[in-house]
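Subject: Structure handover

Hello,

Here is the structure I promised to pass on. Please open it first, then read my notes beside it.

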Amino acid sequence: MIPDFDFALGESADMIRESTHRFATDKIAPLAAKIDADDWFPRELWPAMGELGLHGITVEEEFGGLGLGYLEHVVAVEEVSRASASIGLSYGAHSNLCVNQIRRWGNPEQKAKYLPKLVSGEHVGSLAMSEAGAGSDVVSMKLKAVKTDTGYVLNGTKFWITNAAYADTLVVYAKTGEGSRGITAFLIEKDMSGFAIGQKIDKMGMRGSPTAELVFTDCEVPFENVMGPENGGVGVLMSGLDYERAVLAGIQLGIMQACLDVVIPYVRERKQFGTAIGQFQLIQAKVADMYVALSSARAYVYAVAKSCDAGKTTRFDAAGAILLASESAVKVSLESIQALGGAGYTKDWPVERFMRDAKLLDIGAGTNEIRRMLIGRELIGAAPKVAQ
């Protein structure tokens, strides 16, 4: 038994953690090595996760959801990612980037049409912002939507899109005008004429969480599939990023906990010079640093999630939480490899996978450089002027 700090998150969060951990341990963890080795997305997990209520944690009950908050969502992402960060990433992209954005911005007809099947897991969801030449500078996107008598015609591509190859419903941002005031969000269905999946991307980590290009060739989208205000897509996009960062930070928490799950039993059993290596002070120091890194990140991420639920989160704190969690996860995963020594550098132990998976969140949902820029700009801009 590994000691754990009680953050007093409340009964709902504790119940979500218990049920998700049990499911992830029984159904996801046994598949984790195959998911990574074969770059395999186990689509059959989605309905089972839907039955557990995981896809609709933040969705109102009338659409099949649990009507809970971002704190519970973070906890669920954490426990799924503890078993497999790849599934955690795809789950977060589905349940937060797609489902939660439709919940927040869809009109009643759109919610009634799309949410029930996404929440049940019958359908897989995705979100498409980035392009090959528009990552951190997402507003420079080139996917163009031209207005017609019946809707819009989309031409262009999206890149780095999680769940793309399996998605039934996608939230897609396209240019409908000039500059930041000329972007609109659309709800795209996989069978729409002119929509196709392009090249699939082979990644270093998060293998099994499918990533691909989207291709739009005279793709006709009716007016009823415009989500949110016309030319108001930046507001939809940016507001969603705050919640995305808070929720996806749970992936790194899960990775760090998975590292401790492996390292602590290992150092208790592994002997050198006739002594368990866990008795050596240098190893004890590593484990202590790993635990403190996890606990510190948890405290910040949970606090930001609670703030999201209270409607009081700040953009720089959402960025700060995932910044701390992502950098901590990379350090903890590297220390896990070091603690296992040569064994940690082999495929026989999962810590090398934890390290490859952890690195993505230094980059995804906004790079750490962008996060630092955002935090610094917001803090300095909010500071009072000093009298000269």
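First, a term you will need: helices are DSSP runs of H or I with at least four residues, and they are numbered from the N terminus. Please also keep in mind that this is a predicted model.

**Cavities**

Rolling a probe the size of a water molecule over the atoms shows where empty space is left. Here the count comes to two cavities of 30 Å³ or more.

The largest cavity has a volume of about 60 Å³. Its lining is made by Asn96, Leu97, Asn100, Gln101, Leu127, Met129, Tyr173, Leu237, Gly240, Leu241, Tyr243 and Glu244. Two elements give two or more residues to this lining: helix 5 (85-105) and helix 7 (233-269). Which helix gives the most to the lining of the largest cavity? Helix 7 does, with five residues. By class, the lining of the largest cavity has seven nonpolar, four polar and one charged residue.

The second largest cavity holds about 40 Å³ of space. Ser81, Arg82, Ala83, Ser84, Ala85, Ile255, Ala258, Arg353, Phe354 and Asp357 line it. At least two residues of this lining come from each of helix 4, helix 7 and helix 10 (351-360). Five of the lining residues are nonpolar, two are polar and three are charged.

**The largest pocket**

Now for the open space. The largest pocket has a volume of about 1200 Å³. It is lined by 43 residues, and the closest to its centre are Ser130, Ile363, Gly364, Ala365 and Gly366. Several elements give two or more residues to the lining: helix 5, strand 1, strand 3 (151-162), helix 7, helix 10 and helix 11 (368-382). Helix 7 has the largest share of this lining, with six residues. The lining of the largest pocket splits into 24 nonpolar, nine polar and ten charged residues.

**Helix 4**

Look next at helix 4, which covers residues 70-83. It has 14 residues. From its first C-alpha to its last it reaches 20 Å, close to the 20 Å expected at 1.5 Å a residue. Why is helix 4 described as largely enclosed by the rest of the structure? Because 13 of its 14 residues are buried. The cut-off for buried is under 20% relative accessible area.

Strand 4 spans residues 169-175. Seven of its seven residues are buried, so the strand is largely enclosed by the rest of the structure. Check both faces. On one side, Thr169, Val171, Tyr173 and Lys175 are all buried.

Which way do the partners of strand 4 run? Strand 1 (residues 125-128) pairs with strand 4 in the parallel sense, over four bridges. In that pairing, Gly125 stands opposite Thr169. Strand 5 (residues 183-189) runs antiparallel to strand 4, and seven bridges join the two. Here Thr169 stands opposite Glu189.

**Aromatic pairs**

How many aromatic pairs does the structure hold? There are ten.

One of them joins Phe41 and Tyr166. The ring centres are 4.7 Å apart and the planes lie at 55°, so this pair is tilted. It links distant parts of the chain, 125 residues apart. Phe41 sits in the loop between helix 2 (32-38) and helix 3 (45-51). Tyr166 sits in the loop between strand 3 and strand 4. Are the two residues buried or exposed? Phe41 has 3% relative accessibility, so it counts as buried. Tyr166 is partly exposed, with a relative accessible area of 35%.

Tyr152 and Phe223 form another aromatic pair, and this one is edge-to-face. It has 5.9 Å centre to centre and 80° between the planes. This pair also links distant parts of the chain, 71 residues apart. Tyr152 belongs to strand 3. Phe223 lies in the loop between strand 7 (211-222) and strand 8 (226-227). Tyr152 counts as buried at 3% relative accessibility, whereas Phe223 counts as partly exposed at 34%.

Last, find Phe5, Phe7 and Tyr302: ring pairs link them into a cluster.

Best wishes

Methods. Residues numbered from 1 in each chain as written. Predicted model: local features only at pLDDT ≥ 70, side-chain atom pairs only at ≥ 80, totals over all residues. Heavy atoms only, no water. Expected span 1.5 Å × (residues − 1). Buried < 20%, exposed > 50% of the residue type's maximum accessible area, 1.4 Å probe, protein only. 1 Å grid on protein atoms, 1.4 Å probe; cavity = no way out; pocket = protein on both sides within 12 Å on 5 of 7 lines; lining within 4 Å. Points joined across faces, edges and corners; volume = space filled by probe spheres on them. Nonpolar A, V, L, I, M, F, W, Y, C, P; charged D, E, K, R; others polar. Pairing = 2+ DSSP bridges. Phe/Tyr/Trp six-rings, centres within 6.5 Å; stacked < 30°, edge-to-face > 60°.
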